[in-house]
Amino acid sequence: MSSPVEIPFKNVILLDRASATPVYLQIAHQMINAIQRGVLVTGVQLPGTRALAEMLDVHRKTVVAAYNELDAQGWIEMLPNRGTFVTRKSPLIHGSALSASVTDLKQYPQQTGFAFEESMLLDRPVSLSRVDLEFTDGLPDVRLAPMDKLAKAYSSVLRRSNNRKYLTYSHVEGNIWFRERLATYLNNTRGLHIGAENIITTRGIQMGIYLASTLLLKKGDNVMVGDLSYYVANMIFQQAGANILSVPVDDQGISVEAVRQLCEHTPIRMLYITPHHHYPTTVTLSAERRVELLNLSVKYGFIILEDDHDYDFHYNSSPVLPLASADGAGMVVYVGSFCKALAPGLRSGYVVAPRNLIRELGKMRRIIDRQGDLMMEQALAELLDEGEIQRHIKKAQKVYHQRRDLFTELLGNDFSPYLTFKAPPGGLAIWTEWRRDINLMRVSKECLRENLHLPQTLLFQTGRLSAMRLGFGSLDEKELREATSILKAVLEKTG
């Protein structure tokens with residue numbers, strides 16, 4: 001056995017007195033780390049318990065407990081009348097052995113020791129800001145969410161002993177009662193004709209798109225999308241190995257004639273649409289074009305993936321029913337959520353499709369998420385059954401209608417030298433087209449200096465387009481006035 005070595009244990013073992021982990025375990029864990037990394041080599045003699053206690057400024061009994069833990073785990077051996085040694089059986093991570101001068105063994109590797117393919121395709125970080133004001137791309141105001149009602153319902157669900165079944169594994173398709181209530185709600189509001197067996201719950205629309213794409217697309221398949229289209233959906237399709245083919249979008253929605261021409265000479269697997277309201281331009285797909293697209297899907301055999309993220313908020317008239325409501329051939333996969341109606345963070349979505357596809361989606365969901373939050377789904381089911389969600393949407397619609405009207409008034413009065421726009425019939429965002437000579441990225445940076453965030457995802461500036469999608473839903477009337485005032489001042493200075 002080796003003699004004791006001079007190791008700066010005060011630097012090797014860093015104790016956190018405020019930690020919930022007992023001090024003796026902190027000592028034991030960090031000594032194990034030092035042994036594994038080669039700072040404490042096998043066979044070396046460790047300090048006596050009294051000496052180490054003095055070095056670390058702890059009670060000797062604490063070190064005794066740490067040594068006993070190390071001995072029990074087989075990292076050290078304590079020999080009577082000789083001392084305590086790192087056992088020669090201790091495994092050493094040779095590939096990352098550190099020198100004995102290391103000062104902090106708590107650090108975690110900054111990079112992997114193995115190679116893997118990094119995705120530039122998915123490299124679009126979440127844009128978070130600490131400033132007070134922000135134009136989102138169409139998010140709701142979480143301050144309007146019916147949290148008192150939801151908290152009461154969720155608490156009630158948790159307290160009932162007969163709901164403990166939701167704490168274990170259950171249907172991968174989701175809480176059965178929630179799917180029954182949801183089917184009734186969708187039948188009443190969207191003209192569908194479905195039952196619980198036609199629904200699988202998800203954690204938002206993006207998960208629904210991902211599940212459907214993973215199951216229905218293979219490498220080399222062609223997916224039609226609008227020009228422009230939802231960037232997250234595009235990333236999902238490309239991740240599945242599909243080719244994206246763009247077709248024009250006008251003030252009536254996606255061009256049916258362009259879809260027809262493309263199908264005549266190219267095999268199409270899927271058409272992705274956002275009919276209420278097209279992302280990002282906010283136009284609504286006309287009723288006539290919906291029928292034509294359904295007919296084309298039957299004729300050419302392509303799937304229609306209908307993302308109805310913006311159905312709930314309409315201001316000028318009743319919403320046009322989704323394509324899924326008129327689908328008699330089983331060509332439409334319908335995805336929706338309560339993320340806009342309630343709050344984005346609640347992550348409650350769903351996929352509606354024929355029963356055989358729902359079964360397969362359940363198999364796919366099982367391996368990535370197993371099932372949703374059955375307790376939360378039970379609470380949402382009760383709110384649907386009591387009409388609370390319906391009443392909340394009706395109230396929120398009035399608020400957002402007022403905010404849309406105010407925002408369009410402010411844009412019309414103060415921004416005509418810089419941009420043009422059309423008031424959207426619904427939704428929580430306005431599509432604005434800007435003068436080509438205005439640098440939108442520069443405007444965004446200048447606004448940030450003035451406490452207004454314009455995320456990069458709102459900006460659409462290319463050789464043929466200069467536009468911005470401005471969400472107004474998350475700002476109240478005072479905040480809208482302040483945000484537009486900042487934007488106007490920046491434009492006067494830079495534009």
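A cavity is a set of points where a 1.4 Å probe fits but cannot get out, and its lining residues are those with an atom within 4 Å of such a point. In this predicted model, the count under that rule comes to one cavity of 30 Å³ or more, and about 60 Å³ of space lies in the largest cavity. The lining of the largest cavity is made up of G253, I254, Y272, I273, T274, P275, H278, V283 and L285, and the elements that give two or more residues to this lining are β8 (253-254) and β9 (270-273).

Once its neighbours within four places in sequence are left aside, N198 is in contact with V351, V352, A353, P354, R355 and I358.

T457, in turn, lies in the loop between β15 (452-453) and β16 (459-461). The relative accessible area of T457 is 15%, so T457 is likewise buried by the cut-off of under 20%. Although T457 and D137 are 320 residues apart along the chain, their C-alpha atoms are separated by 7.5 Å.

Key:
Residues are numbered from 1 along each chain as its sequence is written. This is a predicted model: local features need pLDDT of at least 70, side-chain atom pairs count only at pLDDT 80 or more; totals for chains, interfaces and linings use all residues. Side-chain values use heavy atoms; hydrogens and water are left out. Helices (H or I, at least four residues) and strands (E, at least two) are DSSP runs, numbered from the N terminus. Buried means under 20% relative accessible area, exposed over 50%, partly exposed in between (1.4 Å probe, protein chains only). On a 1 Å grid over the protein atoms alone, a cavity is a set of points where a 1.4 Å probe fits but cannot get out, and a pocket is an open set with protein on both sides within 12 Å along at least five of seven lines; lining residues have an atom within 4 Å of a point. Grid points are joined across faces, edges and corners, and a volume is the space filled by probe spheres set on the points. Contact means heavy atoms within 4.5 Å.
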